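Visitor: I am new to this structure. Please show me how to read its features one by one.

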Amino acid sequence: MDQEPISALAALDDPLRSGMYTHIRHARHPVTRDEAAEAVGISRKLAAFHLDKLVAAGLLRTRYEFVGGIRKVGRAPKVYEPSDLEVQVSIPPRQHDLLADILLDAVLEEGDGETARQATLRTAHRHGEALGSAEREQLRPGRLGTERALTLISAVVERHGFEPDRETATCLRLRNCPFHPLATKAPDLVCGINQAFLGGLLDGLQASTVEAVLDPRAGECCVELRPATSPHDDGSGSESATT
């Protein structure tokens with residue numbers, strides 16, 4: 001799990017820091033230490049300590065400038081403003097932003113004679129394939145047999161919100177559904193999106209010895225990754241590492 005959002009939330013688990021952060025977000029202008037200290041009723045020195053903790057957590061950014069653009073004698077004061085960090089924490093991990101991207105792209109790119117469902121599944125596959133291609137370009141794993149492919153896929157999906165569980169050497173289950181609870185509202189569609197996305201990921205990784213199949217289980221992801229029944233290669237499952 002990405003530790004940055006957790007660290008950011010931990011930094012806000014203090015009423016003084018939370019109060020200053022809220023004030024700075026609402027201020028609509030860079031805030032000095034004096035202003036932040038006054039907002040929560042503490043000394044400037046103590047405010048500086050807490051403000052720098054918020055900077056270290058990525059919640060604020062800082063620079064030096066004169067307030068109101070008016071130059072004065074001496075050094076410009078340090079000012080604080082909100083960073084671009086967006087904090088989202090979910091346990092287990094969820095990927096609602098990915099689902100939203102897929103659905104939005106499907107609406108924008110729906111082809112003539114194509115149903116909304118067909119467009120959505122095609123788009124989900126394309127998103128997964130793009131991710132897989134990027135991972136393969138970075139890792140350059142060579143030809144992937146079943147076991148080595150599942151090892152690689154496990155690491156990739158874990159970085160993108162899934163909780164992989166290697167039940168056997170040739171079977172990978174996913175303990176969580178990254179699209180829950182939306183999957184409970186439209187399970188056929190959402191599970192289809194999930195399968196198409198993971199199938200695209202396999203294609204992008206060129207892991208033709210593995211396939212994504214629907215195998216729903218209560219409380220888990222609906223997709224299982226297992227040896228392909230008809231792999232596109234010669235079916236040898238070779239573990240060659242050549243490129």
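Visitor: Which residue follows α2, and what is its phi?

Guide: Arg28 follows α2, and its phi is positive, near 65°. This is a predicted model: local features need pLDDT of at least 70, side-chain atom pairs count only at pLDDT 80 or more, and totals for chains, interfaces and linings use all residues. Residues are numbered from 1 along each chain as its sequence is written, and side-chain values use heavy atoms, leaving out hydrogens and water.

Visitor: How many helices and strands does the protein chain have?

Guide: Helices (H or I, at least four residues) and strands (E, at least two) are DSSP runs, numbered from the N terminus. The protein chain has nine helices and seven strands.

Visitor: How do I check the span of a helix?

Guide: Its expected span is 1.5 Å times one less than its number of residues. Helix α2 covers residues 15-27, so its 13 residues should span 18 Å. Its end C-alpha atoms are 18 Å apart, which agrees.

Visitor: Which residues of α2 are buried?

Guide: Buried means under 20% relative accessible area, exposed over 50%, and partly exposed in between (1.4 Å probe, protein chains only). An α-helix has 3.6 residues a turn, so residues three or four places apart point the same way. In α2, Arg17, Met20, Tyr21, Ile24 and Ala27 are buried. They cover an arc of only 125° around the axis, so they sit on the same side of α2. That arc is taken from the directions from the helix axis to the C-beta atoms. Pro15 and His26 are exposed on the other side of α2.

Visitor: What caps the N-terminal end of α2?

Guide: Asp14 does: one of its side-chain oxygens lies 2.8 Å from the backbone nitrogen of Leu16.

Visitor: Now the strands. How do I read a sheet?

Guide: Strands of a sheet pair through backbone hydrogen bonds, either parallel or antiparallel. Two strands pair if DSSP finds at least two bridges between them. Here, three strands form an open sheet in the order β1-β3-β2, with antiparallel pairing. The edge strands are β1 (31-32) and β2 (60-64), each pairing on one side only. Five bridges join β2 to β3 (residues 78-82). Arg63 has Val79 in β3 as its bridge partner.

Visitor: Which strands does β7 join?

Guide: Strand β7 (residues 223-227) runs antiparallel to β5 (residues 171-174), with two bridges. Leu172 has Leu225 in β7 as its bridge partner. Five bridges join β7 to β6 (residues 210-214), again antiparallel. There, Leu214 is partnered by Val223 in β7.

Methods
A polar contact is a pair of N or O atoms within 3.5 Å; within protein, one must be able to donate a hydrogen and the other to accept it, and residues adjacent in sequence count only if both atoms are side-chain atoms.
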